[in-house]
Amino acid sequence: MIKFSVMDELIIGFIDALRRRETTKETYRKALREYSKWLGGTSPSVMTSGDIERYKDYIISKRLSATSMSAYLTAVRRFYDYLVSTGKVLENPARKVRGSPRPRRHLTDPVTRRDIDKLMSAVDMSSPLGRRDAAILGLMIRAGLSEIEIVRLNLGDLKYRGGERVVYVQGKSKDKKDEYVTLTPLMEETLVKYLEERGESGPEEPLFRGIGNRAVKERISTRGLRARIDHYFESAGIKKKGITPASLRHTAAMLAIEEGATVSEVQRLLRLRTSESALQYFEEAKELMRKL
């Protein structure tokens, strides 16, 4: 004789009460089995909206399609509607937890690993300019810094935190530098080479200066930064439609995903406001894999 848990019995009651097609019932049944697994024996009646948000993060980490993820959350929401209607819980903790909209594709494409090698090989590391540009490219490709974050960097933004070298950044629409990225040993080595050539100066001095007679001691401009990156795209022979300076930040996300990063890790890497924004990169990573 099969022994059912309390959660199993609740799911059975919910499915039986549904006035839906069998295919819809099976979708809900599958989704609620996953929810039951996540609960791990905890009663669904003690869950709060915060718990449902954590379940949503768990579903996101499974890298399901946006459609599947929405179905899983809808099943939980409808399940709690049923529990409320039958007096088993007082309110629906999933009611205010928003689902994830279908991600929109980014306008830029990432750079492949092979093309990253070509790009970095195009940099002349024997010159001060090349060492500066290698440091910039490294921060964009591996730490996911945007153009504006690069431009706004000061020498004083390089700090130590918990024994690791970090750099504090100020992104678009931000009025302070309250987020940071941890430098990998290779990024730190490249930056040190550039700084040794550049020489010491105050903490408020720009980390990356411009080039040319007028801009040699001034902060690199966004226009100047884009021109340098496009120069390397051309030199490496990888300039094509969809490849822009913004592609380097996109590349940072794709590399992290390839190396096993979770949705929350990509969100932290790129300093994104929502997990849905990070999920967009996972959707595109799936598309790229299908094309290989």
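1. Axes are lines fitted to C-alpha atoms, for helices over the stretch in contact, with angles from 0 to 180 degrees between N-to-C directions. Helices (H or I, at least four residues) and strands (E, at least two) are DSSP runs, numbered from the N terminus.

2. This is a predicted model: local features need pLDDT of at least 70, side-chain atom pairs count only at pLDDT 80 or more, and totals for chains, interfaces and linings use all residues. Residues are numbered from 1 along each chain as its sequence is written, and side-chain values use heavy atoms, with hydrogens and water left out.

3. Contact (heavy atoms within 4.5 Å) between helix 5 and helix 6 involves R113, I116, L119 and M120 of the former and A134, L137, I141 and R142 of the latter.

4. An open sheet is formed by three strands in the order 1-2-3, with antiparallel pairing; strands pair if DSSP finds at least two bridges between them. Strand 1 (158–161) and strand 3 (179–182) are the edge strands, each pairing on one side only. On average, neighbouring strands of this sheet are turned by 45° against each other, direction ignored.

5. Strand 2 (residues 164–169) is joined to strand 3 by four bridges, and the two run antiparallel. V169 stands opposite E179 in strand 3.
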